Amino acid sequence: MAEHLLVADGLGKTYGDVVKTTALSDVTFSVERGEFASVIGQSGSGKSTLLNLIGLLDTPTTGQVLVDGRETAALGRRGRARLRNELLGFVFQFHHLLPEFSVVENVLMPGLIAGRDARRSRVRAEEVLALLGLEGLEDKNANELSGGQKQRVAIGRALLNEPALVLADEPTGNLDTANTARVYELFRKVNAELGTGFLIVTHDRSVAQQTDRILEISDGRLVQDVRNTYAAPAP
Amino acid sequence: MLSLRIAARFLRRNPVQSGLIAAGIAVGIGVQVFLGSLITSLQQNLVDETVGSSPQVTVVAAAEGDPVDLTPTMWDALSRDDRVTTAVPVRRFSAIYRRKAESVPLQVVGGDLGALDTIYDISKRVVAGRARLSGDAVIVGKDFAKANGLAPGDAATLVLPDGRVAGRTVTAVADFGAAAANETLAFVPAGFAGDVLDLGDGQYTAVEMQVSDVFQSTAVADALRADPAFAGTKVTEWQSQNRDLLTALQSQSSSSYTIQAFVLIAVALGIASTLAISAVQKTRQIGILKAMGMHDSRAGRIFLWQAALLGVTGAAVGVGVGLALIVLFSRFASTFTITPQWSFVAVSFAVGVLVALLSSLIPSRRTSRLDPIEVIQSG
């Protein structure tokens, strides 16, 4: 097992061929197993670009991303897709559930993509739904749920393959205060019970202050990386 | 098979759209099956009408007017060739039917009724009287009988090639299936024809044959020409004597193929455009699946499977529609029976599925190239 779960090493991203726009430059940090961290920054600061790079959805112009000690640029699109499936879970601002499938099918989709046994994936999906307080909704269509329920289903989907790290991009951006609080409680619970790492991207400082580590991005650069001891849950 | 499962779900989610594409394929393949079978049956019917009840390969003497000496080696050669279904030795001559001051020309064929039936099917074509070829019998065509007021049992006087006059008795009137034959063809016993032509035993004017596949006549004729047993004879066959008919059949086939090709192109364009729209509609889902780790080629296969499902369903329904059209057409609109050509039906089905698969190539490629962040960032 590698020392760090994820290493961002001098990451830079420039868009455009003629007119070049630098979205991110020289960002270096590492994430350990089971960390509960946040990336904070203004809109347009480059935090989503950073998330796409470390989520292996995009490739950096300079620098490299190492996941579990592996250099991801060398893996190719197929290899990165596999790593995403096995080691990473995604929660986006929009739930992005598949309307063609039921709640439980949405949750077990990453298991099916991984080629895992369907019956065992289903059992695991039901466990995850129970953990998220969504019992009884398994066979409903994803479209029949409320906004908060949909986002919890999306979280369940991100957790199915027992990822080492969940990347969450403004996961509560579309939720009301009560649902927002509930989602962070769940993140904390999963982090404590399953040891899953979380990296939450947000523009909201009050959200970031609930995490153990805050990375601040401004104008495409990492300007702050601090430990936040106040946020640790009561023992 | 996750791609297949997702493809099936995508199709079920938009039942109207899926139904319309499948219906488009069904119409195309239905037309294909119906038109293909119609043209093939029509051609078979035409060929059957033209040469079904007449000799397809004929052996005559090389020198005009000479008889053919039918030797045992010739018979052996003919019976050895599986393609020859029947070989009938005949004695043909021209005669004139005389009635008062009128003279009507006749083509007279002398032979044994049993053997003649294998080509001319006389016994089954009798419309009055009873088929019999012995003694002074003559069997005439129905138009000839009508024009000359002849009925079974009536006497008929023939003026023979050498000027002699022979009295015959009409035993039957038959419908030979073609106006020319019904007006001028007559059958007499082999012995009488031998006397008229002054031929010995084993001497005939021609040996007439039918072959199992009418389009094999050229090959059969070539084989006989090459056979030493047939030295001194001349072999003719129907295809070289019916060039116009063959050209017409070929043109009919070409026009039918053209129509079928354009129907398939129209179907392909329909499927391609609808699948392209479907691919755009499902961009978000594909992006999410990719973010979750589905690799590019697997994502691309979703649309290939959609096309395969639509192709198989549409083509199967299309075959049903085509067969139903064939039954309806045969029953209500046609004077001849259309026989479904099963091999052609199978090919049409396969073509339907193939066209659907080809039409999915563009959406499949676009899907496999889709970058998940395009979808995630736009929400």
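A residue is called buried under 20% relative accessible area, exposed over 50% and partly exposed in between (1.4 Å probe, protein chains only). The structure is a predicted model, in which local features need pLDDT of at least 70 and side-chain atom pairs count only at pLDDT 80 or more, while totals for chains, interfaces and linings use all residues. Residues are numbered from 1 along each chain as its sequence is written, chains are lettered from A in the order in which they are written, and side-chain values use heavy atoms, with hydrogens and water left out.

**Exercise 1.** Classify the two partners of the salt bridge between Arg124(A) and Glu162(A), and locate them in the chain.

Solution.
Step 1. A salt bridge requires a side-chain nitrogen of Lys or Arg within 4 Å of a carboxyl oxygen of Asp or Glu; here the closest N and O atoms are 3.9 Å apart.
Step 2. Arg124(A) belongs to helix H4 (residues 118–131) of chain A, and Glu162(A) to the loop between helix H5 (147–159) and S7, so that the pair links distant parts of the chain, 38 residues apart. Helices (H or I, at least four residues) and strands (E, at least two) are DSSP runs, numbered from the N terminus.
Step 3. With a relative accessible area of 16%, Arg124(A) is buried, whereas Glu162(A), at 56%, is exposed.

**Exercise 2.** Determine which parts of chain A are tied together by the salt bridge of Lys47(A) and Glu170(A).

Solution.
Step 1. The side chains of Lys47(A) and Glu170(A) meet at 4.0 Å, N to O.
Step 2. Lys47(A) lies in helix H1 (residues 47–54) and Glu170(A) in the loop between strand S7 (165–169) and helix H6 (177–194), so the pair joins parts 123 residues apart in sequence.
Step 3. Lys47(A) is buried at 7% relative accessibility, and Glu170(A) is buried at 12%.

**Exercise 3.** Describe the interface between chain A and chain B by its area, its residues and its polar links.

Solution.
Step 1. The two chains bury about 2,500 Å² between them, 58% of it on carbon and sulfur atoms. Buried area is the accessible area (1.4 Å probe) that two parts lose on being put together, summed over both.
Step 2. His96(A), Glu100(A) and Ile113(A) supply 26% of the area that chain A buries against chain B, more than any other three residues.
Step 3. The contact (heavy atoms within 4.5 Å) takes 27 residues from chain A and 30 residues from chain B.
Step 4. Between the chains there are 4 salt bridges; the side chains of Arg77(A) and Asp296(B) form a salt bridge at 2.5 Å, N to O.

**Exercise 4.** State which residues of helix H15 of chain B are buried, and what covers them.

Solution.
Step 1. In H15(B) (residues 361–369), Pro363(B), Ser364(B), Thr367(B) and Ser368(B) are buried.
Step 2. Seen down the helix axis, these residues fall within an arc of 130 degrees, so they line one face of H15(B); the arc is that of the directions from the axis to the C-beta atoms.
Step 3. On the other side of H15(B), Ile362(B), Arg365(B) and Arg369(B) are exposed.
Step 4. The cover of the buried residues includes H2 of chain A, together with helix H11 (243–281), helix H12 (283–291), helix H13 (296–333) and helix H14 (342–359) of chain B.

Notes. Polar contact = N/O pair within 3.5 Å; in protein donor to acceptor, adjacent residues only side chain to side chain.
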